[in-house]
Every structure is written in structure tokens, then in C-alpha cells.
Amino acid sequence: MSAGRSFTAALLIFVLLVAGIAAFTYSTIVPTRGLRFDFYPHWVGGRTVWSGQTPYTPDVTRQIQLGMFGQELPPEADQQNFAYPAYTSIALGPIIALPASVSVSVWMALQLVGVMLSPLIWLAILGWRPKPLVLGLLILGLTFGFHYPIDAYILGQFSGTVLLAISLGVLLLSRGYEWAGGAVLALATVPPTVGGPIALGILGLYLLRGQWRGLAAFTIALAVLVGISILRIGFWIPDWVNVVRAYADYAPPVWPPNFLPLVLRVGLVLVLLGALIFTAYKTKFSVPKIQHLVLSTQYSVLLLAALFLIPQTGYYYLVLLIPVIVDTLHQTEKLPGVGRWLIRLSCLLTVLSPWVYFSLPGHNPDTQSLILPIHVGLTWVAALALAYRINPSVKTTQTAT
């Protein structure tokens, strides 16, 4: 099948999946919950931006609260205000243009489909073609067996589309489509809190190899979005910063290392910084003649470091562990016997264990933002170590496409 036909078929499947899940969501979940979804503030604020007005006002916050809850919220509650950069409303214009219930349903469907397709994209990146049964179990397990995709879907969050943008951007970059890859990675900054640093880290890896076009495309795409938003509502950045500061007061973000004692906290941060420095060194100086690389372990290091080091407002961003889990399972293909099945068992426990965390009485669910990345990170390191021990000549840090 030609590249054009493959793209058309993939796009058609994507549209059908989104339409089907959106229709189900619209007819079942939205009538039950009304508009109490995390995307609704973006719908109200985004429409305000497109109307040429600033969304960072008490009046817009009041509209959001009335639409979601039918009343204004007390000052100490999460105000559900529009706490996003105004340029994100430009990027999501076609979805925001839909009626509220339809818009929310489509957005929720995009979160689930984004997670569903991401393992397939990483299989292509890694050049791994598992058997059909294994492939089906992998997709279903990581989409419906893992708590966080369901969490992102039910809440109408943003982590599924962030994961999809990162995955697709990496695929395009690894295939040599740097301009397209950089532009797609700009969509990972909707919102920018976690996806932005990861996108810059990925593009930084390519920049270290002298491949600058991805970063240029990323910068141009963001500049265009920001420029359009400024033309619509004026220079909005100071107002947005003030809203983010207020948001942090009544909904403070969680920094995962804070759950550790001071000595372990410092040790974890130093290990992560050392891993990032080593990753940059290996990217810069190894295999200089290869132009387009699949830096599988480097991407895993970036994702793990981001989830540990970036303060987060919710554990739904743990869906970004999915590429690391896929990479770990791919490493087990090199392992014989017991080691292979122990690593796979650990990956299975990674997927299933969050359901246990949520059911423990008196348990602080925010600790998952530390526990799960540690679990996944140690399993991934163990897989790499076993693969290297069996065959030290195997270059696990990079694979040429």
C-alpha cells in the first residue's frame, strides 16, 4: 500500500473511532454529568477569545461555574477558571466552535483515541511487530486496563491528546519529516505545563545532532498561534500569569519528590539530572553518521524525568508512561526465559496496580505520581540491564531507521 493510501486509511480509522466514541459519550456520559468536565472551562474561555475578549476575568469564571454547577463556587474551592494560555483556544478553534455538549463529547473521545493509537505509533517507532494477539492485548490493556486513560476520558482532560501529539511528533522526526514533526509537537503544548518541556526536550535531542528544522517548525507554529491570539484579545500573558498564580493557591500542584524524605529527594533529583546529562552526551557524540535516529531510551529518560520533576495538578498525566512501558516490553524480546517473564509481569502490575491505589482507604492518591514512575523506571532499567548482560554488544541507546 502506498504512503498516501496508508495515510488516508489511518485518517479514516481515526475519524470513525472519534465519531463513534463521541456519539457514545454524548448519549450516555454527558447527560449524566451535565457539563462538569475539565474541558468545559476551555470551551467557555475559548469562545471568549474568539469573540475578541479576554477570558481572564471574574465574569468568564462565573459563566464557567454556572455552566458546570448551576451556581457560583465559594472562594476556597477550585474556581474552574480559564487557566490556559490564550493561544490554546486558537489551536482548538474547530472543536470550540461546536455546541458545548458536542464539543465536550468530541474532546473526551479524542483523549481515549489518542491513548489507543499511541502504542501503535510507538511500535512503529521501535520497529516492533508483535503477533496480532499480543498487539490486541497491548492496545486494550494500555487503554482500558490502565486507570489513567479512563480517568482522562471521564474527566475530559488533556493528557490523551498530549500523549498522541508527542508520539506522532517523534514518529515524524524519526522518519526525517522534521518540519511536520516540530509542528505536531507544538500541539503537545495544549496545555503547555507537561507537554511543553517534553516537546522541547525531544527537539533538543535532534538539535544536538545538528537537526534544527523540528525546533524551527515548533517555534514558528507557536509564534503563529500566539500572534493570532494577541491580535484577537491583545497582550494577554500578564493576565494569564496572574490567573495561574491564583490557581496555584487554591489547587496547588504536586511535586512528586516531595513525598520522599529530604535525603532521598535530593538523591532522586541528582540521579535524574545525571541521566539527562548522560542522555544529552550520548545523543551528541554517538553514531554521528546516522542522520535519522530512533532514540528509544533517550525518549524514555525524558518522559520519566519530566514526570518526576515537573509539578503536576493531576495524576492523569501518568498516561505518558505508556511509551516507556512499550519500550520496556520491546526490550523483553531480547531476553530469554525467566527474565523475560519477570519483566513482563512487572509491566502487568504497573498497569493494574493503580486500581488498587484508588481503592485503599485513607490513601493519598497523589502519591501515585511518585510510586508509579518509580515502578516503571526500575522495570525499564532492569530490562535494559538484562538485555545488555546477555549481549553487551547490543546498542540499546539508539536504533537506526
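Reply: A nonpolar patch on the surface is formed by Val338, Leu342, Leu345, Leu348, Leu349, Leu352 and Trp355, with about 680 Å² of accessible area together (Shrake-Rupley, 1.4 Å probe, only the protein chains shown as cover; patch residues have over 30% relative accessible area and no salt bridge, with nonpolar side chains Val, Leu, Ile, Met, Phe, Trp and Tyr joined within 5 Å; a salt bridge puts a Lys or Arg side-chain nitrogen within 4 Å of an Asp or Glu carboxyl oxygen). The model is predicted, with local features requiring pLDDT of at least 70 and side-chain atom pairs pLDDT 80 or more, while totals for chains, interfaces and linings use all residues. Residues are numbered from 1 along each chain, and side-chain values use heavy atoms, without hydrogens or water.

Leu342 is exposed, at 52% relative accessible area (exposed means over 50%).

The largest pocket holds about 1400 Å³ of space (an open set of 1 Å grid points with protein on both sides within 12 Å along at least five of seven lines, lining residues having an atom within 4 Å of a point; volume is the space filled by probe spheres set on the points). Its lining comprises 34 residues, with Ala10, Ile121, Leu164, Leu168 and Leu171 nearest the centre. Helices H1 (3-33), H6 (100-126) and H9 (159-174) are the elements that each give two or more residues to this lining.

The second largest pocket has a volume of about 830 Å³. Tyr84, Gln157, Tyr247, Thr313 and Tyr316 lie closest to its centre, among 34 lining residues. Helix H13 contributes the most to that lining, with five residues.

Methods: Patch = residues over 30% accessible without salt bridge, like charges linked within 9 Å, V, L, I, M, F, W, Y side chains within 5 Å. Buried < 20%, exposed > 50% of the residue type's maximum accessible area, 1.4 Å probe, protein only. 1 Å grid on protein atoms, 1.4 Å probe; cavity = no way out; pocket = protein on both sides within 12 Å on 5 of 7 lines; lining within 4 Å. Helix = DSSP H or I, 4+ residues; strand = E, 2+ residues; numbered from the N terminus.
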